[in-house]
Amino acid sequence: MSHELIYLTKRISAQVIEHCLLLPLSAKERTQLRGKRLTLDGIDVILNLPRGGGRLMPGEVLQSENSQVFVIIEAAHEDVIRITSENRLKLLKAAYHLGNRHVEIELHEKELYLLNDVVMQKMLERQGFSIESFQRPFSPEIGAYE
């Protein structure tokens, strides 16, 4: 089935739009505003968004250059590991060590998530953390300079 390429060129504020395509993107892909992507329906779209708008956020709506196609950004499921501790200081130390290695982490009160990485997992296990693997959306902390 051949179809015309769809260029997504605008971010819009929209509460409800009927017939939106869904575009699941990894955390890394949500930082890239240019390039070819595949919607959940198997339709190719080209991201061609203005630079400087910051990363794409789940729930955000993009509009095609001809204003006829709308796409909702979703956080794709990714392989992550969860680090938990009832001891907040211990969890803070884990976040410090991960940040010191420039590892992106998703912060919660009693747990941290990071992309599955064998080296980081072994380091954390040596520090006494129990690690669980999951498939789930990953939304790392946005950097201070973004």
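How many of the residues of the protein chain count as buried, in percent? Of its 146 residues, 38% do, where buried means under 20% relative accessible area with a 1.4 Å probe, counting protein chains only.

This is a predicted model, so local features need pLDDT of at least 70 and side-chain atom pairs count only at pLDDT 80 or more, while totals for chains, interfaces and linings use all residues. Residues are numbered from 1 along each chain as its sequence is written, and side-chain values use heavy atoms, leaving out hydrogens and water.

Let's start with the overall layout. The protein chain has 2 helices and 10 strands; these are DSSP runs numbered from the N terminus, with at least four residues (H or I) for a helix and at least two (E) for a strand. The C-alpha trace spans about 55 × 35 × 25 Å along its principal axes.

Now look at the open sheet of 4 strands, whose order is E8-E9-E7-E10 with antiparallel pairing. Strands E8 and E10 stand at the edges with a single partner strand each, so one side of each has no neighbour in the sheet. Two strands pair if DSSP finds at least two bridges between them, and E7 (residues 77-84) and E9 (residues 111-115) share 5 bridges. Within this pair, Ile-83 stands opposite Leu-112 in E9.

Both helices meet strands of this sheet, as the table shows. Contact means heavy atoms within 4.5 Å, and angles run from 0 to 180 degrees between N-to-C directions of axes fitted to C-alpha atoms, for helices over the stretch in contact.

| H1 (residues 88-100) | touches E7, E8 and E9 | about 25° with E9 |

Note on methods: Buried < 20%, exposed > 50% of the residue type's maximum accessible area, 1.4 Å probe, protein only.
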